[in-house]
Amino acid sequence: MNETTALDTTLAEEKHHLEVARAALGSMLANAAELAAAYQDDFEESRRNRRPGDARPDHNMGFAMSQYRARRLEDLADDDVPLFFGRLWTDEGEDHHLGRRHVRDEDDRTHPLVVDWRAPIGERFYRATAHDRRGVARRRRFGFDGPRLTGFEDERLDGTGSTSAILEAEIERPRSGPMRDIVATIQPDQDELIRRDMGATLCVQGAPGTGKTAVGLHRAAWLLYTHRRRLSTGGLLVLGPSSGFLDYIAGVLPMLGERAVQHSTVDALLGTDQGVEEDLGSAEHRAAERLKHDARMVEVLARAVDLHRSDVTDDHVVRHGGIEWYLRAEEVRPLTDQVAATARSWSSGRTQLAHALSGLVQRQSEQRTGRLREAAWLRDLRKQPDFVALLDQLWPRLTPTRVLRRLQQDPDVRRGACEGLLSTDEQELLALPRRSRRPTRADLLVMDELRSLLSAPRPQRTWDHVVIDEAQDLSPMQCRAVARHCPDGSFTVLGDLAQGTTPWSAPTWRRQLLHLGHSDAEVLELTRGYRVPTEVLQVANALLPHLDVHVPPATSMRSGGRCSAHAVARSDDLSTTTQALVERLLALPGLTGVISSTAIIDLLGEDLAPDPRLHLVPAHLVKGLEFDHVVVVEPAALLERDADLGLRHLYIAVTRAVMTLDLVHSAPLPDALELVSDRPGRGSARLESHATVGFRA
């Protein structure tokens, strides 16, 4: 048998295994549906005609579990989803196909037809190298065209093999819609992060194109697989920066068979999306918004609450049971000080003080009468008007709205709360008049912090694990509020300090982790890109020194990208030039993204013909997205309002490209990009300059 015939025979055998696996998955789905129907009938019958033994808890649980199983299998019942992507043989003689879901033969459960990629054997598949085989004798990767198995490739792990062509082709495959899973292309450094233990919080600093978002989502899937029972109560939450971003990633976890994951923006989780938009037209109001996100506000608010506590100067009389009981100032004052030092919240302090004051009266009564006072007598005492009036004077009932309003409207309270923390000008920002009486988003964030100070309530919904993407954009106050939704669990924190675009974005990860309550978390870096090509990253890295952050520059395993700058004589020509570029790019495979300022995007939207593969996105909303071809129109426009913030938006915009990058401009390019385009002898690092469109595919 010659080599070609042997390869054809092997491919036919793998195709046969694929068909067997598909048939087995169909049987699993049918069995789950049959079980669900049986329990549904039993459950409905028991509701119509209740008798002893009907609607037993095990029936209800069985029905719920069968429904859950059927939903999980439905995601992989589609023939367009390849059931496996790899195969490995171990030194111990084991032979496994790896895929997105565990598939077994219902008639022979001794050996699965497909092993879930999250199983322990998957670690060996992803991490085996020529230097560390991990007991893998041979690894095979499969190529698919939709549902059709088209080829395979065996990798040698003896150091003589080359890079996998199938792996490279899958990584470079053009985008055709929302984000997809990366189970077939997970790299060793990514897999190491995905399989980190759930008990510890993990922070990943990921440069553009390193797959940090994919790592976070696949880590979520792995955690649910490995710790399903532990997560069955608290659950797992994925937080993203915007609803558009959540739409983009929404299909990844269901494709991996995980539906029991909630996605949310930070504003939606905290309820701050219900606040009115601050009037940010003035510099003062922008500064006020930044201040309310500042970490110093934690101490300001704690002081503002404590300023409602009054010192006792006079003796007080409490009437109960027809007797006047005297509470002397020298006895009461130490009690309030002790409670203030030990109370976990304002409301618990009020309760402690009430019990301490009633204890003083109790001791007087027992000394006078010689009788022990029961709990009912004490409860009745604490309801007496004199007692309540004294308690309200010393430690009044408070609400977040009352505390915030007094902080904003009372100069003495504001001065006392802010002294030594905020400057005089900053203090006045808290008293700025506004058009609306409704709270702003920043006000609601402040009130969330106040609520925790006043009553330390546990949020209505908490999670055992939270994945936060683009976490560098959270303010200290937002971090603290998010942490209250995961009080006993752990986090996967993802982001890139260089892509911070909020006025309060983090300068370091240690700051974010401190406010999340996990200052000891491990911070790991992903610097090797798998999607963004070297040529694009070199342009982006030219911007990096101007972003005022300390992160390592990214590298890439890919090359062959193209970067071009297209200068036009007048701003009126921007649209014409962009249209011509877009027409040519749409003739190529993949998605095209046009990125610019909001005003320019609105104008281009009137001129560019709609196309499902064309996306027009303002620069401030493009974070986390990815396009095969990117056209950045008038980069200088991104810097007009805030040069420093604009450079970060530009850094993000150029790194959305995974094949080609085009800059169309009438104004001069920012200095960093001009240096790249004018620098001689840089080869692929240069921006090709064109006086007109001059598109080169």
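**Helix 20**

I checked the length of helix 20 (residues 441–454) first. At 1.5 Å a residue, its 14 residues should span 20 Å, and the end C-alpha atoms are 20 Å apart, which agrees. I note here that this is a predicted model.

Next I asked how many of the 14 residues of helix 20 are buried. The count is ten, so helix 20 is largely enclosed by the rest of the structure. I wrote down the buried residues: A442, D443, L445, V446, M447, D448, E449, L450, S452 and L454.

What do the buried residues of helix 20 pack against? I found helix 10 (266–270), helix 11 (283–293) and helix 12 (296–306) among the partners. The list also includes helix 14 (346–369), helix 17 (400–409) and helix 21 (476–483).

**Aromatic pairs**

I then turned to the rings. With ring centres within 6.5 Å as the cut-off, the count comes to seven aromatic pairs.

I took F84 and F142 as one case. Their ring centres are 5.0 Å apart and their planes stand at 65 degrees, so I logged the pair as edge-to-face; the cut-off for that class is over 60 degrees. F84 sits in the loop between helix 2 (57–74) and strand 1 (86–90), while F142 is in strand 4 (residues 136–145), so the pair ties together parts 58 residues apart in sequence.

W325 and W377 were another case. Their ring centres lie 6.4 Å apart with planes at 85 degrees, so this pair is edge-to-face. W325 belongs to strand 10 (residues 323–327) and W377 to helix 15 (residues 375–381), so the pair links parts 52 residues apart in sequence. Both W325 and W377 are buried.

I noted one cluster as well: ring pairs link F84, F142 and F144.

**Cavities**

I found two cavities of 30 Å³ or more.

Which residues line the second largest cavity? I listed T213, L217, V238, F245, I249, V467, D469 and L494. Helix 6 (212–226) and helix 8 (243–249) are the elements that give two or more residues to this lining. By class, I logged six nonpolar, one polar and one charged residues in the lining of the second largest cavity.

Methods:
Residues numbered from 1 in each chain as written. Predicted model: local features only at pLDDT ≥ 70, side-chain atom pairs only at ≥ 80, totals over all residues. Heavy atoms only, no water. 1 Å grid on protein atoms, 1.4 Å probe; cavity = no way out; pocket = protein on both sides within 12 Å on 5 of 7 lines; lining within 4 Å. Points joined across faces, edges and corners; volume = space filled by probe spheres on them. Helix = DSSP H or I, 4+ residues; strand = E, 2+ residues; numbered from the N terminus. Nonpolar A, V, L, I, M, F, W, Y, C, P; charged D, E, K, R; others polar. Expected span 1.5 Å × (residues − 1). Buried < 20%, exposed > 50% of the residue type's maximum accessible area, 1.4 Å probe, protein only. Contact = heavy atoms within 4.5 Å. Phe/Tyr/Trp six-rings, centres within 6.5 Å; stacked < 30°, edge-to-face > 60°.
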